[in-house]
Amino acid sequence: MEFTFNGVSSRDFNIKIKQSNHLSIPRKKLEFIEVQGRTDNLVVDEGCREMLDISIEAYIDCRDIDTVTYATRLDNWLNSTNGYQDLIFDDGTILKAIFVGQIDFNEIVKNFNEILLQFKAYRESDL
């Protein structure tokens with residue numbers, strides 16, 4: 001599985017997705033108000049969905065360059081713009097997302113790392 005964020009493919013960074021929750025459906029945005037004298041809450045449906053917390057667990061092959069340089073390139077890609085950008089998965093899922101995680105490498109073997117990429121996202125159809 002691959003994804004594109006801000007017009008750049010994860011393939012360009014030798015990222016191999018181990019696990020992703022990008023197919024999750026967000027909860028409806030509801031407000032529950034307790035009213036004296038009622039046995040149940042007053043429910044206010046805001047007519048939209050909550051934000052998605054997208055987590056992508058991935059492996060990264062850093063054999064071509066050192067890990068520090070690689071981390072800088074990854075940071076420049078994920079944090080290069082302000083606001084929401086397109087996050088497109090190769091299964092056709094399209095989200096508007098912003099990168100909110102930090103870049104931490106967990107070295108498995110020399111120049112082969114595991115990383116967790118975290119995004120806040122929404123589907124435009126959920127607005």
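The radius of gyration used here is taken over C-alpha atoms, and the globule rule is 2.2 Å times the number of residues to the power 0.38.

**Figure 1. The whole chain, from one end to the other.** A compact globule of 127 residues would have a radius of gyration near 14 Å, whereas the protein chain has 19 Å. Along the principal axes, its C-alpha atoms fill a box of roughly 65 × 25 × 25 Å. This is a predicted model, in which local features need pLDDT of at least 70 and side-chain atom pairs count only at pLDDT 80 or more, while totals for chains, interfaces and linings use all residues. Residues are numbered from 1 along each chain as its sequence is written, and side-chain values use heavy atoms, with hydrogens and water left out. The protein chain holds one helix and ten strands, where helices (H or I, at least four residues) and strands (E, at least two) are DSSP runs numbered from the N terminus. Reading from the N terminus, the order of elements is β-β-β-β-β-β-α-β-β-β-β. Of the 127 residues, 30% are buried; buried means under 20% relative accessible area, exposed over 50%, and partly exposed in between (1.4 Å probe, protein chains only). Among contacts (heavy atoms within 4.5 Å) with a separation of 6 or more, 65% join residues 24 or more positions apart.

**Figure 2. Inside the largest nonpolar core.** A nonpolar core is a set of buried Ala, Val, Leu, Ile, Met, Phe, Trp, Tyr and Cys residues joined through side-chain atoms within 4.5 Å. The largest one has 24 residues, and those touching the most other members are Phe-3, Ile-15, Ile-56, Leu-87, Leu-117 and Phe-119. Two or more residues each come from strand 1 (3-5), strand 3 (15-20), strand 6 (52-61), helix 1 (67-78), strand 7 (85-89), strand 8 (94-99) and strand 10. Strand 6 gives the largest share, five residues. Take a look around Ile-56: leaving out residues up to four places away in sequence, Ile-56 touches Phe-3, Ile-17, Gln-19, Ser-20, Phe-89, Ile-115, Leu-116, Leu-117 and Phe-119.

**Figure 3. Asn-113 and its surroundings.** Asn-113 sits in strand 10 (residues 112-122) and is buried, with a relative accessible area of 2%. Beyond its neighbours within four places in sequence, Asn-113 is in contact with Ala-58, Tyr-59, Ile-60, Cys-62, Thr-67, Phe-105, Asn-106, Glu-107 and Ile-108. One of these partners, Cys-62, is buried at 1% relative accessibility. Another cysteine, Cys-48, is partly exposed at 21%. With a disulfide taken as a pair of cysteine sulfur atoms within 2.5 Å, the count comes to zero.

**Figure 4. Aromatic rings that meet across the sequence.** Rings of Phe, Tyr and Trp (its six-membered ring) pair if their centres lie within 6.5 Å; planes under 30 degrees apart count as stacked, over 60 as edge-to-face and the rest as tilted. The count comes to ten aromatic pairs. Tyr-59 and Phe-112 are stacked, because their ring centres are 5.8 Å apart and their planes lie at 20°. Tyr-59 belongs to strand 6 and Phe-112 to strand 10, so this pair ties together parts that are 53 residues apart in sequence. Both are partly exposed, Tyr-59 at 25% relative accessible area and Phe-112 at 30%. Tyr-84 and Tyr-122 form an edge-to-face pair, 5.2 Å centre to centre with 70° between the planes. Tyr-84 lies in the loop between helix 1 and strand 7 and Tyr-122 in strand 10, 38 residues apart. Tyr-84 is partly exposed, at 37%. One aromatic cluster is formed by Phe-3, Phe-5, Phe-13, Tyr-70, Trp-77, Phe-89, Phe-99, Phe-105 and Phe-119.

**Figure 5. Gln-102 in its loop.** Gln-102 lies in the loop between strand 8 and strand 9 (106-109) and is exposed, with a relative accessible area of 56%. Its side chain makes a polar contact with the side chain of Asp-104 (2.5 Å). Here a polar contact is a pair of N or O atoms within 3.5 Å; within protein, one must be able to donate a hydrogen and the other to accept it, and residues adjacent in sequence count only if both atoms are side-chain atoms. Gln-102 and Leu-117 are 15 residues apart in sequence, with their C-alpha atoms 7.6 Å apart in space.

**Figure 6. Two asparagines with positive phi.** Most residues other than glycine have a negative phi. Asn-6, however, has a positive phi of about 55°; Asn-6 is in the loop between strand 1 and strand 2 (8-9) and is partly exposed at 23% relative accessibility. For Asn-14, phi is also positive, near 55°. Asn-14 is found in the loop between strand 2 and strand 3 and is partly exposed at 26%.
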